[in-house]
Amino acid sequence: MAKIKIGIIGCGGIVRVLHAPAFQNIENAEIVATCDVIKERAQNIAKQLDAKYVFTDYKELLAMPDIDMVDICTPNYLHSVIAIDALKSGKHVFCEKPDAISVENVTAMKAAAEQSGNHLMVMRNNRFAESSKYAKQYIEDGKCGDIYAGRCGWIRRRGIPGKGGWFTTKAQSGGGPLIDLGVHMIDLAVWLMGNPAPVAVSGAIFNKFADDSAVADSVHAQFGDSQMGGSFDVEDLAMGMIRFDNGAILQIEFSWASNIEKEDIFVELRGSKAGLNWRHGALTIYTEDGDYKPIFNDRKSGHEKNLAHFINDVLIGGKAPTFVPMQGVNMVKILTSIYESAKQGREISLV
């Protein structure tokens, strides 16, 4: 079977920790080139993955005719810019979340994918956990009944990534934990709910820990490069609610820093027949006959499973992707409108 030839654009922490190990385990993935504005980073990943070419300008990588797909792992504000250029150059695109930092940009990404005829997928790794797939099938079998309400979140005691760098600079990141962590859990919740369309949001954001120098207690805070005296013009806590076209609602809470007991990652859904609690990848189902916890043994990361799905199932196997660009448009509408709601102090309509 012919391998998919891949170029990696952006070689920071997310590639080093998650994408590179994933590619090493995907038999049909061949890394041809790496690119990063810091050449040493690109060289390190190229060495790890036996890539022949190293670039500091992504456009030179896109000019290579034998690359089938690019994996975009840059700061958020560049996701849509590079994705559109890659699609126009004839490449399939896999991109780290968030899809983009504005509705205009994510809509342009979707249009570029449609016009090029190439595939565009953005990281939605939590969909690929065994517990998530079990919950999805359970819901589709009608065992939850009507899912009418839920709540989701990712809240940390102290876990600010790359403080003072691009993560905490709004012009480059698009926001704080809402756009950084929110994509993960909002996506999982909405996907499990059957992808209803959002119609309105309300939210509030806070910045209380910009001057806090406490050492991070979250392993997830390792991403990004800290910069002394750098910018911190994003929130460290976001809370809100999303309304959907089917009448369901979803409460949300995301923080990089909060005075809470411990870090928590969760999706809770309430149905007319049963409820679900997905917490740190473990699943509990609540029914009138009692509660039970299915047992899973996930040996591969969700990132690896997501990348393998794109490469093996979609690009090679011709199967329909689990993620379609319209879901990315809805996600960015939700995120940006929550920021607008916080600014204006009122609910924002999305229709």
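Entry 1. Terms and model.

I call a residue buried under 20% relative accessible area, exposed over 50% and partly exposed in between, with a 1.4 Å probe and protein chains only. I am reading a predicted model, in which local features need pLDDT of at least 70 and side-chain atom pairs count only at pLDDT 80 or more, while totals for chains, interfaces and linings use all residues. Residues are numbered from 1 along each chain as its sequence is written, and side-chain values use heavy atoms, with hydrogens and water left out. Helices (H or I, at least four residues) and strands (E, at least two) are DSSP runs, numbered from the N terminus.

Entry 2. Backbone features.

I looked up histidine 280, which has a positive phi of about 55 degrees although it is not a glycine. Histidine 280 sits in the loop between strand S12 (275–279) and strand S13 (282–287). Is histidine 280 buried, partly exposed or exposed? Its relative accessibility is 47%, so histidine 280 counts as partly exposed.

I then noted asparagine 195, not a glycine either, with a positive phi of about 55 degrees. Asparagine 195 belongs to the loop between helix H8 (177–192) and strand S8 (198–206). With a relative accessible area of 31%, asparagine 195 is partly exposed.

I also recorded a cis peptide bond from lysine 97 to proline 98, with omega near -5 degrees. Proline 98 lies in the loop that runs between strand S5 (92–95) and helix H5 (103–116).

Entry 3. The six-stranded sheet.

I count two strands as paired if DSSP finds at least two bridges between them. In what order do the strands of the open sheet of six stand? The order is S3-S2-S1-S4-S5-S6, with parallel pairing. Strand S3 (53–55) and strand S6 (120–122) stand at the edges with a single partner strand each, so one side of each has no neighbour in the sheet. Neighbouring strands of this sheet are turned by 25 degrees against each other on average, direction ignored.

I followed the pairs in turn. Strand S2 (residues 29–35) and S3 run parallel and are joined by three bridges; alanine 33 has tyrosine 53 in S3 as its bridge partner. S1 and S4 pair in the parallel sense over four bridges, and isoleucine 8 stands opposite aspartate 71 in S4. S4 and S5 also run parallel, joined by four bridges, with valine 93 in S5 as the bridge partner of valine 70.

From S4, Met69 and Asp71 point one way and Val70 and Ile72 the other way, and all are buried.

I take contact to mean heavy atoms within 4.5 Å. Axes are lines fitted to C-alpha atoms, for helices over the stretch in contact, and angles run from 0 to 180 degrees between N-to-C directions. Helix H1 (residues 13–25) lies across strand S1 (4–9), S2, strand S4 (69–72) and S5, running at about 175 degrees to S1.

Entry 4. Cavity and pocket.

On a 1 Å grid over the protein atoms alone, a cavity is a set of points where a 1.4 Å probe fits but cannot get out; a pocket is an open set with protein on both sides within 12 Å along at least five of seven lines, and lining residues have an atom within 4 Å of a point. Grid points are joined across faces, edges and corners, and a volume is the space filled by probe spheres set on the points.

I found one cavity of 30 Å³ or more. The largest cavity has a volume of about 40 Å³. Its lining consists of Asp99, Val106, Met109, Lys110, Leu120, Phe323, Pro325 and Gly328. H5 and helix H10 (325–344) are the elements that give two or more residues to this lining. The largest share, three residues, comes from H5.

The second largest pocket has a volume of about 170 Å³. Among its lining residues I listed Lys163, Gly164, Ser226, Gly229 and Phe232.

Aspartate 180 is found in helix H8 and is buried, with a relative accessible area of 9%. Leaving out residues up to four places away in sequence, aspartate 180 touches Lys97, Pro161, Phe167 and Trp256.

Aspartate 233 is found in the loop between S8 and strand S9 (237–244). Aspartate 233 is partly exposed at 45% relative accessible area. Aspartate 233 and glycine 164 are 69 residues apart in sequence and 9.3 Å apart in space, C-alpha to C-alpha.
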